[in-house]
Amino acid sequence: MDGSLKFWLLSFALSSLLISSSAQTCGSYSFSNNNLYTYCSDLSRLGSFIHWTHNSNGTLEIAYRHPGFSSDRWIAWAINVNGTGMVGAESLVAYVNSTGPYAYTSSVTSYGTQLAASSLSFAVPKLEAENIDSEMIIYATLELPTTLTTIHQVWQEGPLSGGVPASHSFSGDNILSMGDLNLLSGQTSTESSGTSSRLRRRNIHGVLNAVSWGTLMPIGAMIARYVKVFQVADPAWFYLHVACQSSGYIVGVAGWATGIKLGSDSAGVQYSTHRNVGITLFVLGTLQVFALLLRPNKDHKYRLYWNIYHHAIGYTVIILSIFNVFEGFDILDPEEKWKRAYIGILIFLGFFAVMLEITTWFIVIKRKRKSSEKYPHNGNGVNGENGANGYGARTVV
């Protein structure tokens, strides 16, 4: 046989073996205690594995594996007998304490749980944990009803705080690590429709608020501050300003409402800063809408006070909006490209604002000089009318 042909055949054989071994990360695993299980599944989230044997008397023998484990973390595998998701799940928790690997049971009653030890609705005659080669394994035997052949499983991992489990992340794989497990056929499914729907609503909430409060509001303020200086744009700038801010407010209210709904559906999960700033933005934005309806005429004695109020609230809304968008990024933890895209938008708007600031100041100073030359006894020529067209009466938001 030709030497080159032998080389390619050998390479193909080795490649096949490598592919085969990588595809058998679950089925080819050998436990240190020589346990054997009927089925196993490579769970698609958090890099974990579940092995199980379901007996005719209803007992379920399981081994839950979590590679890449470190001693400052905890892991858990749970089933929800009466529903789906985390709340109501009955869990097996494991971590390393001063004596070594430690496992116990805990019923999850809220999203804010600290996984305190408690009994389950079914018996667990065997429960132990093993930490070997940076892999934590939970071994357990569950006594389930014989009629229960499909269960909803939830698996999780998180940090230890003070030697006890602390809250896990509420983004990425940590909110998608659940699905159905058919004990008889060995079929598994992940990412339940409820979880996918909740994640989709979180993303919609983020997009709506980033576009409205975080983008349209600053653009509307820039229109009021800079475009009004150009006499040819009067009064078009005002209608553009109102249209932009009104659109931002309407879309922002929709985003705010989705946030309130997400909060009510996630009892125990509190992002206090993000929530409080969002409520503040809604209140201030609503006040701006009502303030527009009460806007005095240019020559009214209260117009100056109205302008001060309008400017102060407007700039406050913009600052809080941008701050809260970044708070939302930290919560959602999306791909880095989305955060970079929003930062790019802010940089563009900031650069554009600086250029317009320089340009409009140049126009205003030039206009004042011409007015001073034409009316030398009228100071700078800045009376109520010129002030309205100059830099002193710019309206924001």
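A salt bridge here is a side-chain nitrogen of Lys or Arg within 4 Å of a carboxyl oxygen of Asp or Glu. Keep in mind that the model is predicted. A search of the whole structure finds four such bridges.

**Stop one.** Select E135 and R65. Their closest N and O atoms are 3.2 Å apart, and the two form a salt bridge. Now colour the strands that hold them: E135 is in strand β8, residues 135–143, and R65 is in strand β3, residues 59–67. The pair links distant parts of the chain, 70 residues apart. Are these two residues buried or exposed? Both E135 and R65 are buried.

**Stop two.** Select R73 and E157. Their side chains meet in a salt bridge, with 2.8 Å from N to O. R73 belongs to strand β4 (residues 73–80) and E157 to strand β9 (residues 150–161), so this pair too joins distant parts of the chain, 84 residues apart. E157 has 14% relative accessibility and counts as buried, because buried means under 20%. R73 has a relative accessible area of 25% and is partly exposed.

**Stop three.** Select R225 and E357, whose side chains form a salt bridge at 3.0 Å, N to O. Which helices hold them? R225 lies in helix α2, residues 193–226, and E357 in helix α6, residues 336–374, so the bridge ties together parts 132 residues apart in sequence. R225 is partly exposed, its relative accessible area being 21%.

Methods: Residues numbered from 1 in each chain as written. Predicted model: local features only at pLDDT ≥ 70, side-chain atom pairs only at ≥ 80, totals over all residues. Heavy atoms only, no water. Helix = DSSP H or I, 4+ residues; strand = E, 2+ residues; numbered from the N terminus. Buried < 20%, exposed > 50% of the residue type's maximum accessible area, 1.4 Å probe, protein only.
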